[in-house]
Amino acid sequence: QVRLVESGGGLVQAGDSLRLACISSGPVDNMGWFRQVPGQGREIVAAINSRGTVTFYPTSVEGRFTISRDNAENALYLQMDNLKPEDTAVYYCAAGTRAEIWNVPDLYPYWGQGTQVTVSS
């Protein structure tokens, strides 16, 4: 069973940066970051393949967020720059079982507990 633990969330002002981290209990394949606000489903924020060579971002965060991973440390990161109030959500990391990118939350079997990111205007 894979365990994922996120950290790095917090309260910041618009324009600030945050770096989220997700540590896995062991090696994993493809990974992603998702976010969720109350009353809505989980939204893809970024995804990365198992080798860390291919990434995906939705237009809402492209150019502001950067996903990366360190497979030697079983770690996944999300650098978030120029944060906006609409980025406020609980952020989750997810791990899959294939090499390629997945951007659909239902495909991921493993999830962390989430970390709150709040951006004030």
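In which sense do β4 and β5 pair, and over how many bridges? The two strands pair in the antiparallel sense, over five bridges. Here two strands count as paired if DSSP finds at least two bridges between them. The strands themselves are DSSP runs (E, at least two residues), numbered from the N terminus.

The model is predicted, so local features need pLDDT of at least 70 and side-chain atom pairs count only at pLDDT 80 or more, while totals for chains, interfaces and linings use all residues. Residues are numbered from 1 along each chain as its sequence is written, and side-chain values use heavy atoms, with hydrogens and water left out.

On the β5 side, M31 has I48 as its bridge partner. The hairpin of β4 and β5 has six residues between the strands, and in this hairpin G39 takes a positive phi near 85°. β4 is also joined to β9, by six bridges, and these two strands run antiparallel. In this second pairing, the bridge partner of Q36 is V90 in β9. β4 is mostly covered, as five of its six residues are buried. Buried means under 20% relative accessible area, exposed means over 50%, and partly exposed lies in between (1.4 Å probe, protein chains only).

The next topic is the nonpolar core. In soluble globular proteins, nonpolar side chains tend to be buried together. A nonpolar core is defined as a set of buried Ala, Val, Leu, Ile, Met, Phe, Trp, Tyr and Cys residues joined through side-chain atoms within 4.5 Å. The largest one in this model has 26 residues, and W33, L78, M80 and Y91 have the most contacts inside it. Seven strands, β3 (18–24), β4 (31–36), β5 (43–48), β7 (65–70), β8 (75–80), β9 (89–95) and β11 (115–120), each supply at least two residues of this core. The largest share, four residues, comes from β9. Apart from this core lies another, of six residues, including F34, I44, A47 and A94.

Y91 shows how far along the chain such contacts reach. Leaving aside neighbours within four places in sequence, Y91 is in contact (heavy atoms within 4.5 Å) with residues including E6, L20, F34, V45, L78, M80 and V117. R35 is another residue on that list.

R35 leads on to the charged side chains. A salt bridge is a side-chain nitrogen of Lys or Arg within 4 Å of a carboxyl oxygen of Asp or Glu, and the structure holds four of them. In one of these, D87 pairs with R35, the closest N and O atoms being 2.9 Å apart. This pair links distant parts of the chain, 52 residues apart: D87 is in the loop between β8 and β9, and R35 is in strand β4. D87 counts as buried because its relative accessibility is 0%. R35 is buried too, with a relative accessible area of 6%.

D87 also forms a salt bridge with R64, where the closest N and O atoms are 2.7 Å apart. R64 lies in the loop between β6 (55–56) and β7, 23 residues from D87. At 9% relative accessibility, R64 counts as buried. R35, E43, R64 and D87 are linked in a network of salt bridges.

Another salt bridge joins E100 and R98 (3.6 Å, N to O). E100, at 36% relative accessibility, counts as partly exposed, and R98 counts as partly exposed at 45%.
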